[in-house]
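Please look through the sequence and the structure shown below before reading on. The report that follows takes the chains in turn and then turns to the places where they touch.

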Amino acid sequence: MDGMAWASSAMAAAQTRLDIAAENLSNLSTGGYRRREARGSLTPSGVSVAAQATNGRVDAVSEMIDVLGAQRAFEGAGKVVSAIDQQRQHAAEAARVR
Amino acid sequence: MSTAMIAAASGMTAQQANLDTIAENLANADVAGFKESSATFAEVVSPGEAGLGTAQTGTSVAFVQGKLERSSGAFDLAIDGPGFLVVTDGNGGRAYTRDGSFARTADGSLRNAQGWQLQGIRVPEDASGVDVGAHGDVTAQTPRGSQMLGHLRLAEFASPQGLRSIGGATFRATRACGTMHLLVPGSADGPSVRFGMLEKSNVSIVQSMMQILSAQRAYEANAKGVQAADEMLRIADNLSRG
């Protein structure tokens, strides 16, 4: 698996993390709602995040922290994608010069 | 739109609905017999099992007894216990209320501010006060002595959550209320009705203020969720621009 695939799986994982946190936040006033937790795992095709049911209630503060965390993780993985892209661009230019 | 954005936006809508309900409670805090309500929500789940946020399912009314307070009106009445006063609009339209702020009109009927008339009771012109005795018997004190006016009955519903509010403390019956049966006030284990008293609303102003604060914070948290989802879309968009 190349770096690009890794980084893009990380971006998708961060997107799922945000989906789960937003789902929890939107249900702050829903009676009987149980918090979902983002569980990350390593698979042969990269990192993946899935929602797992818990018995806890939603806490707005920890969900907000999750929102920020997901956003930064997405940003970070995005930087890796652009870095790899730039590197490939340089390599292609170098090949053309020769 | 991403899933996160849809969910967070539904959360904002939910908190807006929460605020609307709290505002209605506060607006009616001084209406006699008013019962506090709260918005109820359910999770929205898409066919693919991913959560899509929340949606309002209705409002739930807290039929909790309000405090009884002495009132200046001789024809005001309050229910201590379950049940509703049966009122009519004069055209056969019926409604049910716990608001007992009645005044005597020219034809002897007892009407509240909205014009609803207390069913079954007519008060003579020279009556100085009214009383409810055992078995719901209503008597008036007049210069000629005490006079029997009729029987007062209270309505009780199998499922009062099915009542539809028509403003203030007044409700109409719907199919969802289930069967209605009449209660006799003044019996040993039943409700009691007292004239010269009013039931205060069961809205707690302090509680409502706290609910407003938490709804506001929850709204903000969801707005942050929308912002984060938007920011991530922007980042993804910039990647494709190189």
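## Terms and numbering

Two strands are said to pair if DSSP finds at least two bridges between them. Helices (H or I, at least four residues) and strands (E, at least two) are DSSP runs, and they are numbered from the N terminus. Strands of a sheet pair through backbone hydrogen bonds, either parallel or antiparallel.

This is a predicted model, in which local features need pLDDT of at least 70 and side-chain atom pairs count only at pLDDT 80 or more, while totals for chains, interfaces and linings use all residues. Residues are numbered from 1 along each chain as its sequence is written, and chains are lettered from A and ligands numbered from 1 in the order in which they are written.

## A sheet in chain B

Chain B holds two helices and 18 strands. Among its strands, β10, β11 and β12 of chain B form an open sheet in the order β10-β11-β12, with antiparallel pairing. Its edge strands, each pairing on one side only, are β10 (129–132) and β12 (145–151) of chain B. From one strand to the next the twist averages 30°, where angles run from 0 to 180 degrees between N-to-C directions and axes are lines fitted to C-alpha atoms, for helices over the stretch in contact.

Within this sheet, β10(B) pairs with strand β11 (residues 137–142) of chain B in the antiparallel sense over four bridges. In this pairing, B:Gly129 stands opposite B:Gln141 in β11(B).

## The extent of chain B

The radius of gyration is taken over C-alpha atoms, and the globule rule is 2.2 Å times the number of residues to the power 0.38. A compact globule of 242 residues would have a radius of gyration near 18 Å, whereas chain B has 24 Å. Taken along the principal axes, the C-alpha atoms of chain B fill a box of roughly 100 × 35 × 35 Å.

## The build of chain A

Chain A has two helices and two strands, and from the N terminus on its elements run α-β-β-α. The radius of gyration of chain A is 18 Å, well over the 13 Å that the globule rule gives for 98 residues, so chain A is more spread out than a compact globule. Its C-alpha atoms fill a box of roughly 65 × 25 × 15 Å, taken along the principal axes.

Strand β1 (residues 36–43) and strand β2 (residues 46–53) of chain A pair in the antiparallel sense over eight bridges. They form a hairpin with two residues between them, and A:Ser41 stands opposite A:Ser48 in β2(A).

## The helix pair of chain A

How do the axes of the two helices of chain A cross? Helix α1 (residues 3–26) and helix α2 (residues 60–97) of chain A have axes that come within 8 Å and cross at roughly 160°. That makes α1(A) roughly antiparallel to α2(A), since angles under 35 degrees count as roughly parallel, over 145 as roughly antiparallel, 65 to 115 as roughly perpendicular and the rest as oblique.The crossing of α1(A) and α2(A) is left-handed; a crossing is called left-handed if the near helix is turned anticlockwise from the far one by less than a right angle, and right-handed if clockwise. The residues of the contact of α1(A) with α2(A) divide into 17 nonpolar, six polar and three charged. In this grouping, Ala, Val, Leu, Ile, Met, Phe, Trp, Tyr, Cys and Pro count as nonpolar, Asp, Glu, Lys and Arg as charged, and the others, Gly among them, as polar.

## Where the chains meet

The contact between the chains takes 26 residues from chain A and 31 residues from chain B, where two residues are in contact if their C-beta atoms, placed from the backbone, lie within 7 Å. On the side of chain A that touches chain B, α1 and α2 of chain A each supply at least two residues, and the largest share, 12 residues, comes from α2(A). The residues of this side of chain A divide into 12 nonpolar, nine polar and five charged.

## Helices across the contact

α2(A) packs against helix α2 (residues 205–241) of chain B at an angle of about 5°, with their axes 10 Å apart, and the two helices are therefore roughly parallel to each other. Residues of α2(A) including A:Val67, A:Phe74 and A:Val81 meet residues of α2(B) that include B:Ala221, B:Met232 and B:Leu239. By class, this contact of α2(A) with α2(B) has 12 nonpolar, four polar and five charged residues.

α1(A) and helix α1 (residues 3–27) of chain B pack at an angle of about 15°, with their axes 8 Å apart. That makes α1(A) roughly parallel to α1(B), and α1(A) passes α1(B) in a left-handed crossing. Among the residues of α1(A) that meet α1(B) are A:Leu18, A:Asp19 and A:Ala22, and the residues of α1(B) in this contact include B:Ala7, B:Gly11 and B:Ala14. By class, the contact of α1(A) with α1(B) has seven nonpolar, four polar and two charged residues.
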